[in-house]
Amino acid sequence: MTITDSIRTYLNWKETHTNAAFINYKIRLEQFAAFVAPKEKLTDINGDDIVAFHRSLEDKYSLNTISYSARILKNFFWFWHGRGMTHFNPKEIIPIRYVSADKEIVTKEDLEDMSDLLQVDNLQDLQKKLIIHLLWDTGMRISELLDIKISDINDQGKDGLRTAKVRTRKSMRYNLVIWGSDTNDLLNRYLGMRLCMDDDNSNQLFLNPKTGKVFTPRSIQRWIVELADMATLDKKITPHSFRHGKANYILDQGGSVRDVSALLRHVKPESSFQYMQLSQKRYEDVARKYLTTFSNFQLAS
């Protein structure tokens with residue numbers, strides 16, 4: 001079997017259960033195929049080709065990206081190893097688990113600073129204001145937020161809280177998210193304007209009034225960068241920074257990793273442990289508790 005055919009077959013299988021990963025897998029596998037040319041057959045590939053490919057990425061990509069690439073190729077070759085179509089053991093591919101030491105997070109104060117810049121009587125400002133409040137309250141991924149339909153939103157409860165079902169593209173599972181009364185007030189105001197918009201996708205919650213189409217993640221990213229600059233936050237904030245910020249806020253309020261896992265809807269509970277290292281303040285507070293002070297300690301003269 002040729003490398004091109006093996007990639008096509010694998011991607012067809014991959015697309016049946018994870019649309020989100022399909023694009024990233026396609027890009028990296030096709031890049032790998034171009035790198036190993038003129039080798040044409042899958043059986044011609046060995047572990048040395050994998051090593052050489054990832055070394056070629058070192059000058060252009062981050063360690064995190066290279067690690068992700070290694071996982072993609074390992075999954076790909078495990079697939080064909082199971083079908084007896086490879087001549088080397090995929091265990092040779094060892095992805096380095098690289099975790100950035102510092103990830104920017106949005107704090108409650110950051111949210112308030114950005115929100116204060118936006119007016120509720122202007123449709124575009126109101127959209128931005130509602131989006132950042134929903135990201136903060138729910139810890140949603142941006143893809144989940146942009147997929148929300150008006151019909152997904154449940155009626156408001158007596159306590160002012162409101163919920164919606166969202167689909168996680170990564171796992172294709174539906175989960176419930178919840179937000180508070182202040183955010184719900186913004187939503188009710190926005191819905192009054194939103195339902196008056198003339199469009200063909202009337203069930204989508206967030207539409208660009210200029211195009212009538214759903215906003216792209218890139219558009220939201222650009223908004224947030226602009227808001228962070230206007231609020232002089234001096235941070236490289238992304239939509240995902242709200243999710244990290246929510247996790248840290250839960251922990252800072254005395255919540256547990258289990259609470260983070262539940263509220264951020266992690267499929268694997270161990271995913272929540274990455275948030276334990278994000279807050280420098282929390283790390284310093286914990287470390288300070290276990291430092292020893294010697295009352296009679298003196299520096300030698």
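Select α5 (108-115) and α6 (123-138): the two helices pack at an angle of about 170°, with their axes 10 Å apart. Axes here are lines fitted to C-alpha atoms, for helices over the stretch in contact, and angles run from 0 to 180 degrees between N-to-C directions. The angle makes α5 roughly antiparallel to α6, a label given to angles over 145 degrees, while those under 35 count as roughly parallel, 65 to 115 as roughly perpendicular and the rest as oblique. Show the side chains of Lys108, Leu111, Met114 and Ser115 in α5, then Lys129, Ile132, His133 and Trp136 in α6; these residues make the contact (contact means heavy atoms within 4.5 Å).

The model is predicted, so local features need pLDDT of at least 70 and side-chain atom pairs count only at pLDDT 80 or more, whereas totals for chains, interfaces and linings use all residues. Residues are numbered from 1 along each chain as its sequence is written, and side-chain values use heavy atoms, with hydrogens and water left out. Helices (H or I, at least four residues) and strands (E, at least two) are DSSP runs, numbered from the N terminus.

Next, select α9, residues 217-230. This helix has 14 residues and reaches 20 Å from its first C-alpha to its last, close to the 20 Å expected at 1.5 Å a residue (the expected span is 1.5 Å times one less than the number of residues). Color Ser219, Ile220, Gln221, Trp223, Ile224, Leu227 and Ala228, which are buried. Buried means under 20% relative accessible area, exposed over 50%, and partly exposed in between, with a 1.4 Å probe and protein chains only. The buried residues of α9 pack against α5, α6, α7 (142-147) and α10 (239-252). After α9 comes Thr232, with a positive phi near 50°.

Go to Arg141 and Glu144, whose side chains meet in a salt bridge (2.9 Å, N to O). A salt bridge is a side-chain nitrogen of Lys or Arg within 4 Å of a carboxyl oxygen of Asp or Glu. Arg141 is buried, with a relative accessible area of 17%, and Glu144 counts as buried at 1%. The whole structure has six salt bridges.

For another of them, select Lys26 and Glu30, at 2.9 Å, N to O. Both lie in helix α2 (residues 19-36), four residues apart, about one turn of the helix. Lys26 is partly exposed at 32% relative accessible area, and Glu30 is partly exposed at 40%.

Then pick Asp49 and Lys39, joined by a salt bridge of 2.8 Å, N to O. Asp49 is in helix α3 (residues 47-57) and Lys39 in the loop between α2 and α3, ten residues apart. Asp49 counts as buried at 13% relative accessibility, whereas Lys39 is partly exposed at 31%.

Now select helix α1 (residues 3-15) and helix α4 (residues 63-81), which pack at an angle of about 100°, with their axes 11 Å apart. α1 and α4 are therefore roughly perpendicular to each other. Their contact is made by Ser6, Ile7, Thr9, Tyr10 and Trp13 of α1 and Asn75, Phe76, Phe79 and Trp80 of α4.

Finish at strand β1 (residues 162-168), where five of the seven residues are buried. β1 pairs with strand β2 (residues 173-179) in the antiparallel sense over seven bridges; two strands pair if DSSP finds at least two bridges between them. Center on Lys165 to find Leu176 of β2 opposite.
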